[in-house]
Amino acid sequence: MVTQVPLLDVNAQNLPLKKDLTAAFERVLESGRFIGGAEVEALEREAARLLDVAHAVSLSSGTDALLAALVALGIGPGDEVLVPTFTFFATAGCVARLGATPVFVDVCPVCFNLDADRAAEKLTDKTKAIIPVHLFGQAADMDSIMDLAEDHDLRVLEDCAQAIGAKYRGKTCGAIGHCGALSFFPSKNLGGFGDAGLFVTNDPDLAREVTHLRNHGMDPKYYHSKIGGNFRCDALQAAMLRVKLPLTEQYSRLRQENAEYYTRQMWDHPLIQPASPENCCCPINAGHDDEEDKRGIILPVAYPHNVHVWNQYTLRVLGEGRRDALKAHLTERGIGCEIYYPLPLDQQECFANLPEFARDHTPNATQLAREVLSIPIYPELTREQKDAVIDGIFAFYEDAVGD
Ligand SMILES: *Cc1c(COP(=O)(O)O)cnc(C)c1O
């Protein structure tokens, strides 16, 4: 019997909660109140407490949270916004939709996040904001990013879509900068039942502005002082998310345990090694500088000053064509895996008409796009499933020995 390991198993998480989820659904059904109301307000209160922020505003998606945040920060035509080039599309798409220019910054090959030094090289007098993404669940180098922002008067919007509850030097990600955007897309650490998102901030004016924008910039009824949109989170979604919200930390703990297990089991393999922190953009004093074996795998690392919530466990598979070969090999064995992301945003067709400086100097991202492969890390993985993933990877290198 082969152990099947999907990349994600939402039923393993949701079906044990069926009774409470059904009760939440029925509560909203019987209330007859589907837009706004008590469930939405309760979700926002509870999420603000969990994330240690003054204000949480629920929204229709993580993408809309980014969009509304940028509008509230005053970003518009002619402005430039620094974004990592190695992230999900929404981070940059929102900037472009507002008529502003996303300026793509290279990322660090060790922590996968935006490199503040590379960001500094792309500043112009039009740069208004920066969007650090806490990719795969680990915080970007926020001290350097905040220093850069202060020196150049930039707004800082944290993209926390993959990083709910992640911490940087004791601070919860989301309100280290001016504000943050989170996602409850089903594959995120707190996965909802459709699309939903959250805006967080300690600034009451920004919170008020986003609350206004999510309802067509309308207040009072049928009087519009701003052009917003319908960016509201459904009451049904809020009620069901409230069932899972208190479990967020437990889910992240299980993801951390899975990550530790993978790393511990794999790093004894002669061709597999953890990433070298001294090559990171983050100021880390640790470790030894191993030569990278050009045939092997580099494992992701979690820094002691961060709480990494492991939305993804992402390998770097070294060697021309090796990543695609490993992906095919694992897929063949019934092990789910995915490439996050196969093409840096600076090379996307839709951004071909951006100015050259907005798209150039991104060698690390280009390299990562050829090497990365994310393996199953969801909280409900069994020991047997994790071992099947590891065995699958080891088998690939057994076949490869002597290549
Ligand atoms: C998922 C994601 C988003 C968008 O969130 P949605 O809720 O899917 O709209 C934005 N940024 C990053 C980094 C993401 O992973």
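The residues of the shell around the ligand divide by class into 7 nonpolar, 7 polar and 2 charged. The model on screen is predicted.

Select the ligand to begin. It is surrounded by 16 residues, of which Gly62, Thr63, Asp159, Ser183 and Lys188 are the closest. A polar backbone atom of Gly62 lies 2.8 Å from an oxygen atom of the ligand. At Thr63, an N or O atom in the side chain is 2.5 Å from a ligand oxygen atom. At Asp159, an N or O atom in the side chain is 2.8 Å from a nitrogen atom of the ligand. Of the 380 Å² of accessible area that the ligand has on its own, the protein covers 93%.

Now colour helix H4 (62–72) and helix H5 (90–97); each supplies at least two residues of the shell around the ligand. The largest share, 3 residues, comes from H4.

For the largest cavity, select Leu8, Asp9, Val10, Gln13, Pro186, Ser187, Lys188, Lys244, Arg255, Tyr378 and Glu380, which line it. Its volume is about 60 Å³, and its lining has 4 nonpolar, 2 polar and 5 charged residues.

Finish at the second largest cavity, with a volume of about 50 Å³. Its lining includes Val110, Phe136, His308 and Trp310. By class, this lining has 8 nonpolar, 4 polar and no charged residues.

Conventions:
Residues numbered from 1 in each chain as written. Predicted model: local features only at pLDDT ≥ 70, side-chain atom pairs only at ≥ 80, totals over all residues. Heavy atoms only, no water. Near = heavy atom within 4 Å. Polar contact = N/O pair within 3.5 Å; in protein donor to acceptor, adjacent residues only side chain to side chain. Areas by Shrake-Rupley, 256 points an atom, 1.4 Å probe, with all protein chains shown as cover. Helix = DSSP H or I, 4+ residues; strand = E, 2+ residues; numbered from the N terminus. Nonpolar A, V, L, I, M, F, W, Y, C, P; charged D, E, K, R; others polar. 1 Å grid on protein atoms, 1.4 Å probe; cavity = no way out; pocket = protein on both sides within 12 Å on 5 of 7 lines; lining within 4 Å. Points joined across faces, edges and corners; volume = space filled by probe spheres on them.
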